[in-house]
Amino acid sequence: MGARKRITAEQRKEALAKIAFAKLNNVPSSPRKMRLVADMIRGMEVFRALGVLKFSNKDAAAKVEKLLRSAIANWEAKNERKAEGGELYVTTVQVDPATTLKRMRPAPQGRGYRVRKRSNHVSLTVGTRKATVQTNENEETTNTESQN
């Protein structure tokens with residue numbers, strides 16, 4: 001491996017040490033409802049986000065709260081220390097549609113209406129504020145290089 005490649009690999013490894021990831025698959029609620037909850041906590045400090053989710057009256061908030069606790073635990077295991085207040089932030093929350101179960105509901109005059117039971121996947125990333133700034137700068141640099 002060349003020197004330049006080794007240096008960039010080490011920088012990438014250091015940046016990844018500052019973030020943690022958690023994913024929740026096949027949640028039986030619609031992506032639209034889940035995105036309402038995800039938008040509430042995006043970019044927030046993690047302990048403040050836990051408070052917001054705890055007192056939210058949406059059903060999806062309980063699932064996202066559990067996912068956020070898992071991401072925090074992943075970060076703590078990776079860095080071998082406890083997270084302090086004001087240190088970790090929710091960097092990204094992504095809600096993608098999963099499989100849709102199609103069911104039939106009886107309708108008048110012998111017809112059947114289609115019922116779509118939607119589900120979704122939620123991906124959540126937590127990291128320090130510095131890690132967030134560094135990853136955004138790297139994305140902007142690659143975007144400007146590709147435009148030229």
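A residue counts as exposed when its relative accessible area is over 50%, as buried when that area is under 20%, and as partly exposed in between. By this scale Gln 109, at 74% relative accessibility, counts as exposed. The structure described here is a predicted model. Its protein chain holds five helices and five strands, and buried residues make up 33% of its 148 residues.

**Overall arrangement**

- Read from the N terminus, the elements of the protein chain follow the order α-β-α-α-α-β-β-β-β-α.
- Of the contacts in the protein chain between residues at least 6 apart in sequence, 70% join residues at least 24 apart.
- The protein chain has an accessible surface of about 10,300 Å², and carbon and sulfur atoms account for 50% of that surface.

**The three-stranded sheet**

- Three strands form an open sheet in the order β1-β5-β2, and their pairing is antiparallel.
- Strands β1 (19-27) and β2 (88-97) stand at the edges; each has a single partner strand, so one side of each lacks a neighbour in the sheet.
- From one strand to the next, the twist averages 15 degrees.
- Nine bridges pair β2 with β5 (residues 120-128) in the antiparallel sense.
- Within this part of the structure, Val 93 has Leu 124 of β5 as its bridge partner.
- In a regular strand, side chains alternate between the two faces of the sheet.

- Helix α4 (residues 59-79) lies across β1, β2 and β5, and its direction makes an angle of about 145 degrees with β1.
- The 21 residues of α4 should span 30 Å at 1.5 Å a residue, and the end C-alpha atoms are 32 Å apart, which agrees with that expectation.
- The buried residues of α4 are Ala 60, Ala 61, Val 64, Glu 65, Leu 67, Leu 68, Ala 71, Ile 72, Trp 75 and Glu 76.
- An α-helix has 3.6 residues a turn, so residues three or four places apart point the same way.
- The cover over the buried residues of α4 includes the helices α1 (3-17), α2 (31-41) and α3 (46-54), together with the strands β1, β2 and β5.
- Glu 80 follows α4 and has a positive phi, near 55 degrees.

**The β3-β4 hairpin**

- Strands β3 and β4 form a hairpin, with five residues between them.
- Six bridges join β3 (residues 101-106) to β4 (residues 112-117), and the two strands run antiparallel.
- Across this pairing, Arg 105 stands opposite Tyr 113 in β4.
- Strand β3 is hardly covered, for the count of buried residues among its six residues is zero.

**Residues with positive phi**

- Gln 109 lies in the loop between β3 and β4; although Gln 109 is not a glycine, its phi is positive, at about 60 degrees.
- Asn 26 is placed in strand β1, and this residue, likewise other than glycine, has a positive phi near 55 degrees.
- Asn 26 counts as partly exposed, because its relative accessibility is 48%.

Note on methods
Residues are numbered from 1 along each chain as its sequence is written. This is a predicted model: local features need pLDDT of at least 70, side-chain atom pairs count only at pLDDT 80 or more; totals for chains, interfaces and linings use all residues. Side-chain values use heavy atoms; hydrogens and water are left out. Helices (H or I, at least four residues) and strands (E, at least two) are DSSP runs, numbered from the N terminus. Buried means under 20% relative accessible area, exposed over 50%, partly exposed in between (1.4 Å probe, protein chains only). Contact means heavy atoms within 4.5 Å. Accessible areas come from the Shrake-Rupley method with a 1.4 Å probe; for residues, only the protein chains shown count as cover. Two strands pair if DSSP finds at least two bridges between them. Axes are lines fitted to C-alpha atoms, for helices over the stretch in contact, and angles run from 0 to 180 degrees between N-to-C directions. The expected span of a helix is 1.5 Å times one less than its number of residues.
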